Amino acid sequence: MHCAGVLVIGDVRTLLRETAVAFAGQAVETRADEFFAVFESPGAALDAAITMQRALRGKSWVDGVEVNVRVGIHSGYPTLDEVNYIGLAIHTTARVCAAA
């Protein structure tokens with residue numbers, strides 16, 4: 001089952017990344033089972049989230065596992081430093097995601 005779990009998380013990350021890009025988003029960070037992306041507009045983020053959920057629900061997964069994700073969306077104006085996005089909007093988004 002461990003190998004199946006690795007395959008599933010890789011497939012989920014690919015699906016999330018490709019969907020974010022399809023909605024003019026950019027994957028910023030993945031860590032364990034977390035995925036963080038930024039979008040130019042709140043509408044694009046919402047459309048991407050809906051598409052992600054539908055795609056995950058419609059996919060047949062290895063060993064018949066069911067994949068569910070929680071999505072948190074927050075609109076704000078973060079700062080991009082030399083390595084990552086920073087600022088209050090990022091911290092707020094992390095709290096929204098944790099509560100989702």
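This note goes through a predicted model point by point.

1. **Ground rules.** Residues are numbered from 1 along each chain as its sequence is written, and side-chain values use heavy atoms, with hydrogens and water left out. In this predicted model, local features need pLDDT of at least 70 and side-chain atom pairs count only at pLDDT 80 or more, while totals for chains, interfaces and linings use all residues.

2. **Overall layout.** The protein has three helices and four strands. Both are DSSP runs, numbered from the N terminus: helices are H or I with at least four residues, strands are E with at least two. Along the sequence the pattern reads α-β-β-α-β-β-α.

3. **Size.** The C-alpha atoms fill a box of roughly 40 × 25 × 25 Å, taken along the principal axes. The radius of gyration is 14 Å; this agrees with a compact globule of 100 residues, which would have a value near 13 Å. That radius is taken over C-alpha atoms, and the globule rule is 2.2 Å times the number of residues to the power 0.38.

4. Of the 100 residues, 24% count as buried. Buried means under 20% relative accessible area, exposed over 50%, and partly exposed in between (1.4 Å probe, protein chains only). Contact means heavy atoms within 4.5 Å. Take the contacts between residues at least 6 apart in sequence: 46% of them join residues at least 24 apart.

5. **The core.** The largest nonpolar core has eleven residues: Val8, Val12, Leu15, Leu16, Ala20, Ala37, Ala48, Met52, Leu56, Trp61 and Val67. Helices α1 and α2 each supply at least two residues of this core. The largest share, five residues, comes from α1. A nonpolar core here is a set of buried Ala, Val, Leu, Ile, Met, Phe, Trp, Tyr and Cys residues joined through side-chain atoms within 4.5 Å. In soluble globular proteins, nonpolar side chains tend to be buried together.

6. **Trp61.** This core member deserves a look. Leaving aside neighbours within four places in sequence, Trp61 is in contact with Val8, Asp11, Val12, Leu56 and Val67. Lys59 lies over the face of Trp61, at 5.2 Å from the ring centre. A charge sits over a ring if NZ of Lys or CZ of Arg is within 6 Å of the ring centre and within 35 degrees of the ring normal.

7. **Two threonines in helices.** Thr51 sits in helix α2 (residues 42-58), and Thr93 in helix α3 (residues 88-99). Thr51 is partly exposed because its relative accessibility is 30%. Thr93 has 12%, so it is buried. A polar side-chain atom of Thr51 lies 2.9 Å from the backbone oxygen of Asp47. The side chain of Thr93 reaches the backbone oxygen of Ala89 at 2.8 Å.

8. **Around Thr51.** Apart from neighbours within four places in sequence, Thr51 is in contact with Thr19 and Phe23. Thr51 and Arg95 are 44 residues apart in sequence and 23 Å apart in space, C-alpha to C-alpha.

9. **Two loop residues to check.** Ala24 has a positive phi, near 60°, and is not a glycine. Ala24 lies in the loop between α1 (2-22) and β1 (25-31). At 56% relative accessibility, Ala24 is exposed. Asp63 has a positive phi of about 60°, although it is not a glycine. Asp63 is found in the loop between α2 and β3 (79-80). With a relative accessible area of 59%, Asp63 is exposed.

How values were computed: Polar contact = N/O pair within 3.5 Å; in protein donor to acceptor, adjacent residues only side chain to side chain.
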